[in-house]
Amino acid sequence: MTSVDTSLFKPELVFLDFDARDRAGFFNKLGVELKARGYVKDTWLGAIKAREESYPTGLPCQAINVAIPHTDPEHLNKPYIAIVRPRRPIDFQGMGGMCDRVPAELIVNLGLLAHANEQVAALQALMQVFMDEEQVARVRAQTDAEGMVRVMREYCGA
Amino acid sequence: MKKIVLACGSGVATSNAVAKKVTELLDAKGYEGQYEIEQCAIAKAAECCANADLLIATTVAPAGITCAYVSGVPFLTGMGKVDAENQILDVMAQ
């Protein structure tokens, strides 16, 4: 098993109590934050919105509803994983046509570069977390960015 | 030798994660060496699947696919995973 690159999780990439009314508002706001921190290019916003429409990423996991929006590496400056907990769940469409509406309580924006195994390992590790009630309870309980990064690194780093 | 195509929007992120799960499943069931996995972007799936036995995708089944199709989403969420595993094993047993 490839080890997870846990440096992808950073406090500056955690957004709690994120206020967005809908999916478009969410991407607009996240785009501003990521751009300000130098992670994404100008083309990212249009690309991720289009991608989400064509290939939705809402996932009703066993322990929590999440969405894992992502787009092609050409729109990134450097790899990252952003973790957003919206103030109110944001509706995504289900991945693979599994369901029409997934009110996402946690949104993990994967800024992954092509064929980087450590990054795909991070995605796998996250999926394991979202299947586990106990781990999800701890993720939900975090009240600041540092705590969220600590928990994610702990669960995904093994 | 069965050819399994793993596809997602880009052929990079979710299909890769699902490919690892499917490999674990098939090897655990004794199919090691009896299958090959090819990853591709869903836009190229019809081409990739021309001589494939099975398409596993994290998107809806694309038009023009003649081989079997199984959703890869249960390998991400855990929901419906046993059904998806059984569908894949059925194809392997054919």
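This is a predicted model: local features need pLDDT of at least 70, side-chain atom pairs count only at pLDDT 80 or more; totals for chains, interfaces and linings use all residues.
Which residues in α1(A) meet which residues in α2(A)?

## Helix packing within chain A

On the side of α1(A), the residues that take part are A:Arg23, A:Ala24, A:Phe27, A:Asn28, A:Leu30, A:Gly31 and A:Leu34, and they meet A:Trp44, A:Leu45, A:Ile48, A:Lys49, A:Glu52 and A:Glu53 in α2(A). Divided by class, the residues of this contact comprise seven nonpolar, two polar and four charged.

Two packed helices are described by the angle between their axes and the distance between the axes. For helix α1 (residues 23-36) of chain A and helix α2 (residues 44-54) of chain A, the angle is about 145° and the axes lie 10 Å apart, while the crossing in which α1(A) passes α2(A) is right-handed.

## The interface between chain B and chain A

The contact draws on 24 residues from chain B and 24 residues from chain A, and the two chains bury about 2,000 Å² between them, with 67% of that area on carbon and sulfur atoms. Between chain B and chain A there are three residue pairs in polar contact, counted where both residues are at pLDDT 80 or more, whereas the count of salt bridges between these chains is zero.

## The chain B side

On the side of chain B that touches chain A, the elements giving two or more residues are α1 (14-28), β4 (68-71) and α3 (74-77) of chain B, and α1(B) gives the most, with five residues. By class, this side of chain B consists of 12 nonpolar, 10 polar and two charged residues.

Methods:
Residues are numbered from 1 along each chain as its sequence is written. Chains are lettered from A and ligands numbered from 1 in the order in which they are written. Side-chain values use heavy atoms; hydrogens and water are left out. Contact means heavy atoms within 4.5 Å. Buried area is the accessible area (1.4 Å probe) that two parts lose on being put together, summed over both. A salt bridge is a side-chain nitrogen of Lys or Arg within 4 Å of a carboxyl oxygen of Asp or Glu. A polar contact is a pair of N or O atoms within 3.5 Å; within protein, one must be able to donate a hydrogen and the other to accept it, and residues adjacent in sequence count only if both atoms are side-chain atoms. Helices (H or I, at least four residues) and strands (E, at least two) are DSSP runs, numbered from the N terminus. Ala, Val, Leu, Ile, Met, Phe, Trp, Tyr, Cys and Pro count as nonpolar, Asp, Glu, Lys and Arg as charged, and the others, Gly among them, as polar. Axes are lines fitted to C-alpha atoms, for helices over the stretch in contact, and angles run from 0 to 180 degrees between N-to-C directions. A crossing is left-handed if the near helix is turned anticlockwise from the far one by less than a right angle, and right-handed if clockwise.
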